[in-house]
Amino acid sequence: MTVTRPRILVVGAGFAGVGCVRRLERKLSTDEAEITLVTPSSYQLYLPLLPQVASGVLTPQSIALSLRRSRKYRTRIIPGGAIGVDLAAKVCVIRTITDEIVNEPYDYIVLAPGSITRTFDIPGLTDHAYGMKTLAEAAYIRDHVISQLDLADASDDPDERAARLQFVVVGGGYAGTETAACLQQLTHNAAKRYPRLDPRLIRWHLIDIAPKLMPELGDKLGRDAQEILRRRGIDISLGVSIAKAGPDEVTFTDGRVIPTHTLIWTAGVVASPLIGTLGAETVRGRLAVTAEMCLPRRDGVFALGDAAAVPDRAKDEEGAICPPTAQHAMRQAKRVADNVIANLRGQSMRPYEHKDLGLVVDLGGRDAVSKPLGVELKGLPALVVARGYHWSALRTNVAKTRVFTNWMLNAVAGDDFVRTGFQARRPTKLKDFEFSDAYLTPEQLRERVEGTGGKAQ
Ligand SMILES: Cc1cc2nc3c(=O)[nH]c(=O)nc-3n(C[C@H](O)[C@H](O)[C@H](O)COP(=O)(O)OP(=O)(O)OC[C@H]3O[C@@H](n4cnc5c(N)ncnc54)[C@H](O)[C@@H]3O)c2cc1C
């Protein structure tokens, strides 16, 4: 007689998904449950260090953490993306990396597909902007920025030179600010290898519709960050967004037209489109869950990280939800795994609560601002805290070693500004990197699950 074990399906291998899987592997015996993970890539991406990959301080591999390097590793990994979940039938529909569509039935599902770049209905935006959300985008943007220097250097047309050497970053949150700061550092350092180029022509614009950069830093530290960036020559425009984007110019909402071939869009995130296929209640696009991170009135459905609206019990405000940060996702992962196990063993679940530890912002070179536990820091102490925090948060010792040696090597030898040419002739804009149109509509999902009787295929 074969005894079937409960099937736990985890969707997404980010901070939330991998943290949950690792804890399940540690705390559950093999005959208690079968653990499956659905993920399009074979690594967990340490997103906060992505701007340092774009600027060449770190190699892409150093922040791509192996899913299989763990002493207790035993999870079955399905290489693909979930494109729909039928909660009633308890079936997740997956598109594998070879484009096959398969049904994966489950008893417990943990939804951790994270978020995608939030865009607006701005003419030309999705066709002409780059995001900063995937490893491929970071590597691509680095190549693109270096190619702009190469093309400007080769050109004798002053207009083309000026356009190639202007760069626009939209989004004054930490992701956008770090991206602008780190890439400006790249072009600044590269300028000495391009003696034909006038470095004064290289201009970075950082714009945001909000009145402040990184409001989480508070007034004083926010002003300090702005001052550091302005001193480095980054042109900051607040209360401004994009009116339209084209292949060789961007129009700001204040009427300015900037000739450029580089528009980087980092103006916030929205939950993965997978959440929309569930037909469940959402809060600002994120799946509404209880403080235990499960779906009310649905047995065995859990969600966390950027994709879920987890109540923020550490805040006094009514209806407050946890911000979409790695800090929360990593901690929610442990609690969600414990709650899945409690559910499985018929024990009671516990709510998630975590008080924010603050923010660290690496601005490239020796510049940084940090606010650990409310203490405001800038310069070298802030840099030490920022790098120390990220370093200790890297999950594996081998990733820690790679990142540390990359930092050391970069400090000693600098960058060679090599353009690798990967994907150089492929369409590679925001919409191509994030596969946001891969999901099923509720009708397609119903047809698919009913047509196959919900069975695994
Ligand atoms: C540039 C940048 C800098 C940041 N800096 C910081 C910082 O300094 N501090 C901080 O706390 N936070 C920071 N964040 C935010 C932080 O990275 C996110 O909040 C965190 O990654 C959320 O974790 P997650 O597991 O929910 O999602 P993710 O880490 O994004 O993981 C989601 C995973 O799900 C996979 N996936 C997506 N769709 C599907 C699908 N349909 N099926 C299967 N798998 C799927 C993805 O490939 C990915 O592996 C930064 C983000 C960016 C972009």
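**Briefing: helix crossing, ligand shell and strand pairing**

Helices H1 and H8 cross in a right-handed sense, a crossing being right-handed if the near helix is turned clockwise from the far one by less than a right angle and left-handed if anticlockwise. This is a predicted model, in which local features need pLDDT of at least 70 and side-chain atom pairs count only at pLDDT 80 or more, while totals for chains, interfaces and linings use all residues. Residues are numbered from 1 along each chain as its sequence is written. Helices (H or I, at least four residues) and strands (E, at least two) are DSSP runs numbered from the N terminus.

**The H1–H8 contact**

- The axes of H1 (residues 15-27) and H8 (residues 326-344) come within 8 Å and cross at roughly 35 degrees; axes are lines fitted to C-alpha atoms, for helices over the stretch in contact, with angles from 0 to 180 degrees between N-to-C directions.
- Residues of H1 in the contact include Phe15, Gly19 and Arg23, and those of H8 include Ala326, Met330 and Ile341; two residues are in contact if their C-beta atoms, placed from the backbone, lie within 7 Å.
- By class, twelve nonpolar, two polar and three charged residues form this contact of H1 with H8. Ala, Val, Leu, Ile, Met, Phe, Trp, Tyr, Cys and Pro count as nonpolar, Asp, Glu, Lys and Arg as charged, and the others, Gly among them, as polar.

**The shell around the ligand**

- The ligand is surrounded by 34 residues, of which Gly12, Gly14, Gly114, Gly305 and Thr325 are the closest; a residue is near a molecule if its C-beta atom, placed from the backbone, lies within 6 Å of it.
- At least two shell residues come from each of H1, S2 (34-39), H2 (50-54), S5 (76-86), H6 (174-190) and H8.
- The shell comprises 21 nonpolar, eleven polar and two charged residues.
- Domain 1 (7-53 + 62-117 + 270-355 + 436-451) and domain 2 (125-267 + 358-393) each contribute at least three residues to the shell; the bounds come from an automatic or database domain assignment.

**Strand pairing**

- S2 and S5 pair in the parallel sense over four bridges, with Thr36 opposite Arg76 in S5; strands pair if DSSP finds at least two bridges between them.
- S5 also pairs with S6 (residues 91-96), in the antiparallel sense over six bridges, and Gly81 has Arg95 in S6 as its bridge partner.
- Four residues lie between the strands in the S5–S6 hairpin, where Lys90 takes a positive phi near 55 degrees.
- An open sheet of three strands runs in the order S18-S19-S21 with mixed pairing. S18 (282-283) and S21 (308-309) stand at its edges with a single partner strand each, so one side of each has no neighbour in the sheet.
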